[in-house]
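Please look at the chain shown below.

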Amino acid sequence: MASNGRQILAGKRGIIFGALNESSLAWHIAEAVYRERGRFLLSNAPVVERAKTLGKLAEKTESRIVWADASNSKALGNVISEATDEFGSLDFIVHSIGMGLNVRKNRPYEDLNYEWYHKTLDISAMSLHRIVHAALEADAMNEGSSIVALSYIGAQRTFSKYSEMGDAKALLESIVRSFGYRLGKKGIRINTISQSPTRTTAGVGIKGFDALFDYTQRIAPLGNADAESCADYTVAMLSDLTRMVTMQTLFHDGGFSMMGMSDQFMADLESAFS
Ligand SMILES: NC(=O)c1ccc[n+]([C@@H]2O[C@H](COP(=O)([O-])OP(=O)(O)OC[C@H]3O[C@@H](n4cnc5c(N)ncnc54)[C@H](O)[C@@H]3O)[C@@H](O)[C@H]2O)c1
């Protein structure tokens with residue numbers, strides 16, 4: 001059950017990258033942050049403007065949209081400057097951006113198109129570096145501010161169809177650790193939330209998503225974490241209640257990451273192979 005709204009982000013201002021449509025993790029995050037009285041700019045790739053989906057969220061959360069491609073440092077710098085023009089300085093940034101070009105185009109890991117691979121790493125991981133770099137250059141982040149990026153356990157373990165995205169998430173989490181040390185000196189924290197498989201546009205774009213979703217659902221003691229609970233966890237990570245947490249990969253997966261085998265899955269296997 002979602003939080004009723006305790007206003008734990010009252011007075012906090014930031015940027016949320018990556019809301020595409022109502023299924024997006026960032027869409028749920030924006031609604032939850034707004035519910036908790038946080039205020040923000042929304043940003044997404046210029047190509048999303050044509051889909052005209054984001055206006056609804058902007059209206060609902062009283063937010064402006066600033067379009068920027070996540071692989072374009074200048075455009076990201078502009079997002080930061082628009083946000084500081086509006087809010088003065090910032091208390092949070094949410095990075096919820098991912099794109100696997102080889103995955104989308106069905107190129108297997110053994111035969112990656114390297115231009116696409118480069119773009120995948122750029123959009124899905126280096127973009128976090130670009131955003132944090134732009135925020136630091138503009139001296140935009142307040143002491144005590146929090147940066148959260150969305151990740152997946154494919155960073156640590158091989159899920160065959162996750163392919164190049166596993167590499168992108170490993171890089172993303174490494175950037176979080178490398179920057180975490182440096183940001184800590186300024187009183188800024190940065191973490192990834194490693195989320196369960198969730199039915200979003202990016203999620204279902206991974207081949208075999210339904211099988212993966214069912215598998216983790218059967219293994220995780222609490223079942224898969226949905227987008228709404230991910231949004232609540234993100235709110236907690238943006239709030240002062242988690243002010244001493246930084247550089248972490250925080251598994252938000254119903255316990256999946258700590259499991260080996262569950263009774264349910266064992267029974268399923270036994271009946272499948274008997
Ligand atoms: N859905 C899942 O199963 C799952 C699980 C764990 C982590 N994640 C991560 O959560 C994040 C959000 O994904 P989602 O599942 O909500 O899907 P989504 O498709 O709703 O969100 C992905 C976002 O990335 C944006 N994006 C792609 N290319 C871009 C570019 N060049 N510039 C700017 N933005 C760009 C898209 O427009 C979209 O808004 C991603 O990092 C994803 O890898 C998803």
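Q: Which residue of β5 does V94 stand opposite?
A: This is a predicted model, in which local features need pLDDT of at least 70 and side-chain atom pairs count only at pLDDT 80 or more, while totals for chains, interfaces and linings use all residues. Residues are numbered from 1 along each chain as its sequence is written. β4 and β5 pair in the parallel sense over five bridges, where strands are DSSP E runs of at least two residues, and helices H or I runs of at least four, numbered from the N terminus, and two strands pair if DSSP finds at least two bridges between them. Within β5, the residue opposite V94 is V148.

Q: In what order do the seven strands form the open sheet?
A: The edge strands, each pairing on one side only, are β3 (65–67) and β7 (249–252). From one strand to the next the twist averages 20 degrees, with axes taken as lines fitted to C-alpha atoms, for helices over the stretch in contact, and angles running from 0 to 180 degrees between N-to-C directions. The pairing is parallel, and the order is β3-β2-β1-β4-β5-β6-β7.

Q: Which residue of β6 is the bridge partner of A149?
A: Six bridges join β5 to β6, and the two strands run parallel. β5 is largely enclosed by the rest of the structure, because eight of its 11 residues are buried, a residue being buried if 20 or more other C-beta atoms, placed from the backbone, lie within 10 Å of its own, exposed if 12 or fewer, and partly exposed in between. The partner of A149 in β6 is T192.

Q: Why does L128 count as buried?
A: L128 has its place in helix α6. Leaving aside neighbours within four places in sequence, L128 is in contact with H95, A149, L172 and I175, contact requiring C-beta atoms, placed from the backbone, within 7 Å. L128 counts as buried because the number of its C-beta neighbours inside 10 Å is 24.

Q: At which residue does α6 bend?
A: The buried residues of α6, among them L121, A125 and L128, pack against elements including α4 (73–87), β4 (90–95) and α7 (164–184). The bend is the angle between axes fitted to the seven residues ending at a position and the seven starting there. For α6 this angle is about 50 degrees, and the residue is M126.

Q: Which element gives the most to the shell around the ligand?
A: The ligand is surrounded by 27 residues, and the closest are L20, S24, G98, A202 and G203, a residue being near a molecule if its C-beta atom, placed from the backbone, lies within 6 Å of it. The elements giving two or more residues to this shell are α1 (25–35), β5 and α8 (201–204). With three residues, the element that gives the most is α8.

Note on methods: Contact = placed C-beta atoms within 7 Å.
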